[in-house]
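Me: Got a model open here. Can we go through its inside first, then the surface?

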Amino acid sequence: MLATGIKTPVGIKVSGPDLSVIEDIGKDIEEVVKQVPGTLSAYSERVAGGRYIIVDTDRQTASRFGLNVADVQEVIRTAVGGMNVTETVEGLERYPVNMRYPRDLRDSIEELKELPIVTPVGAQIALAEVADIRIEAGPAMIKSENARPTGWTFVDIAERDLGSYVEEAQKLVLEKVKLPAGYSIAWSGQYEYMVRAKEQLVVVVPVTLVVIMLLLYVNFRNFTEVLMIMGALPLALIGGFWLIYLLDYNTSVAVWVGLIALAGLAAEIGVVKLVYLNYAYTEIKVQAAHEGRDLTIEDIRAAIVKGALQRLRPVIMTAATILAGLLPVMYGSGTGSEVMRRIAAPIVGGVSTSVMLIMIVLPAMFLIWKRRELKI
């Protein structure tokens, strides 16, 4: 809201040269958007709905009385708007004293027309003799963006995710609202920043996965082990998606941040598990070499069981610590809690499944890999 001025999740900005046309387009958009499922309310600003008193000075008539435009405007400014004539001092407080004509002399057009003006020769004339006073319609407030007048339409939604709602609304507005030449529509509000974040995530998510793969390769120096851990990541994310679904959270930037964090966490746990599987496998391989025999499938299974059990407690403790830290966030309330819950939900849901999958699936993948490597 601070950046775009839009107080609702979705805002529609109509820009063009004529405020009255902008208001008409805004009214059409308001009616069309109300037909979109999920619209809670829609209101288009009446940018040309103000009422103004116009005092148009007749220069020739005023000059015959020895007056100029500034003299007439001074009377209007002083009599109607008021003038600070002094200031009262009450201790440390200062209060200005403003003077103007009584309300009964300025509360209608007829009364304003009778406002007295003193000419330079001392004669009194009515304001209506030297000025045309009338009421005209005009903009209540002029907004501009990119040096163009703009009118805003505020749209509040419920029970719909932002992306699909705006996509459907854009199609409907494009079909039913005709824009004259020189006028444009821009979709703003939270949607504007969601689009920007989506464009950034398209880059951030692949880069994150590539960085994880590079770090894994630096650690293992083997693409097979890297692929084993990366192949387990989608399975580890299942719990995160399930919890998001059960909590009825829509996909958002906060949810994607949680999923990225979950992917890093699952890869870290997988590295710990795989390192000890390799250690146990190397140990039993050396033992078999000392005994002068080849490895058997039973040896590999025994090594996998040993390596998995050695890292059982650290993995469980890691998962328990994460859950203990994030569960209060899940059930917390207050400023920012809605965003934090959506960051924590994928991690909380994914930790349980990632631990199970890494404890079960990764050792099984390791067994298949070693069997094919030894051809047994």
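Me: What volume does the largest cavity have?
Reply: About 30 Å³. A cavity here is a set of points on a 1 Å grid over the protein atoms alone where a 1.4 Å probe fits but cannot get out. The volume is the space filled by probe spheres set on the points, joined across faces, edges and corners. This is a predicted model: local features need pLDDT of at least 70, side-chain atom pairs 80 or more, while totals for chains, interfaces and linings use all residues. Residues are numbered from 1 along each chain as its sequence is written, and side-chain values use heavy atoms, without hydrogens and water.

Me: Which helix gives the largest share of the lining?
Reply: α7, with four residues. α7 (223–236), α9 (253–290) and α12 (337–374) each supply at least two. Helices are DSSP runs of H or I, at least four residues, and strands are runs of E, at least two, numbered from the N terminus. Lining residues, with an atom within 4 Å of a point, include Ile229, Leu233, Gly270 and Leu362.

Me: Switching to salt bridges. How many are there?
Reply: Nine. The rule is a side-chain nitrogen of Lys or Arg within 4 Å of a carboxyl oxygen of Asp or Glu. One pairs Lys27 with Glu23, closest N and O atoms 3.4 Å apart.

Me: How far apart do Lys27 and Glu23 sit in helix α1?
Reply: Four residues, so about one helical turn separates them in α1 (residues 19–33).

Methods. 1 Å grid on protein atoms, 1.4 Å probe; cavity = no way out; pocket = protein on both sides within 12 Å on 5 of 7 lines; lining within 4 Å.
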